[in-house]
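Have a look at the structure first, and then follow along with me.

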Amino acid sequence: MTDPTTAEQSGRGEPRADCVVDSAGGITFDIAVMDATEPALVLRRRGGTAPADELRLPLTPAGEGHLRAVLPSTVELAEGRWDAYVDGRAVEPGVRDVRALVDRVPEEGRVTARVPYPTADGRLAVRSWVRAPHAEAGDITFGAGACTVEGALYGAELGPGAVAEARRGGEVHQVPAGGGGGRFAFTLRYDALAEPPVEGEQLWQLWLRPDADAGPVRISRILDDVWDRKNICVYPEHRGEGYRAAPCYTTDNDLCVRLTG
């Protein structure tokens with residue numbers, strides 16, 4: 001794979017892309033660029049070194065000084081963060097039309113989700129998720145010292161022995177999970193996780209085991225237009241004896257429970 005060059009090194013300004021996303025996960029990139037010696041938009045998976053971690057999409061004229069690239073929903077894009085380049089130059093984010101992702105209901109089985117977004121340093125990237133099966137977190141409600149999580153399950157069915165699991169390192173705490181018709185729900189008491197003393201911060205990952213013989217499925221929220229829920233979804237904090245607890249999301253939109261002493 002070629003290494004990206006900076007705008008200062010190349011002596012050219014960075015190209016800028018407007019994005020339109022369809023409900024199936026396809027993305028159209030309309031790119032304003034003065035010139036492009038290599039007719040391709042390159043998506044490169046952050047931290048990847050294998051040939052499969054780079055995807056080249058042909059650029060075609062789109063009129064008014066724009067070039068267009070299309071990422072079809074049928075093209076594989078592994079889970080991760082994919083940075084966009086043209087001629088080794090980072091692409092700047094323009095207008096992003098991601099309305100089709102809101103309240104999206106995927107087909108049964110393998111779930112994929114893709115959201116173009118602006119990085120912290122002002123570049124365009126695509127966040128991609130690939131989950132099979134997938135547990136999509138929905139409403140979270142609160143009682144005395146507990147939270148109840150509801151959601152949708154894709155690619156599996158709840159059966160006998162279904163449980164939700166809170167995991168931290170080698171520790172696993174299980175609670176019964178119920179539901180049906182592609183839905184799940186469970187209630188988790190915070191004090192079951194808060195064995196005293198709680199020191200510093202503890203992050204308990206939430207998983208769903210659909211039946212006694214099934215493997216665990218990570219509980220996340222990825223079926224909308226939000227690429228990073230960590231600082232967007234903030235939930236009420238419970239104050240227990242010697243600890244505080246609240247559900248939270250990671251930067252990868254995985255659901256957890258955070259305990260602090």
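My entries below go from salt bridges to a hairpin and then to one threonine.

**Entry 1: ground rules.** I am working with a predicted model, where local features need pLDDT of at least 70, side-chain atom pairs count only at pLDDT 80 or more, and totals for chains, interfaces and linings use all residues. Residues are numbered from 1 along each chain as its sequence is written, and side-chain values use heavy atoms, with hydrogens and water left out.

**Entry 2: salt bridges.** How many salt bridges does the structure hold? I found 24 of them, each being a side-chain nitrogen of Lys or Arg within 4 Å of a carboxyl oxygen of Asp or Glu.

I looked up R99 and D97, whose side chains meet in a salt bridge at 2.8 Å, N to O. R99 is exposed at 66%, while D97 is partly exposed at 23%.

Next came D121 and R123, a salt bridge with its closest N and O atoms 3.9 Å apart. Here D121 is exposed at 57%, and R123 is partly exposed at 29%.

Are D224 and R229 buried or exposed? I noted both D224 and R229 as buried, and their side chains form a salt bridge of 2.9 Å, N to O. I also jotted down a network: E38, R44, E54 and R56 are joined by salt bridges that share partners.

Entry 3: I moved on to strand 14 (residues 163-168) and strand 15 (residues 171-176), which pair in the antiparallel sense over six bridges. Strands here are DSSP runs of E, at least two residues long, numbered from the N terminus, and two of them pair if DSSP finds at least two bridges between them.

Which residue of strand 15 is the bridge partner of R168? I found E171 there. Two residues lie between the strands of this hairpin, and G169 takes a positive phi near 60 degrees.

**Entry 4: T260.** My last stop was T260, which sits in strand 21 (residues 255-260). T260 counts as buried, with a relative accessibility of 15%.

What does T260 touch, leaving aside its neighbours within four places in sequence? I listed V198, G200, E201, Y243 and R244 as its contacts, a contact being heavy atoms within 4.5 Å.

Note on methods:
Buried < 20%, exposed > 50% of the residue type's maximum accessible area, 1.4 Å probe, protein only. Helix = DSSP H or I, 4+ residues; strand = E, 2+ residues; numbered from the N terminus.
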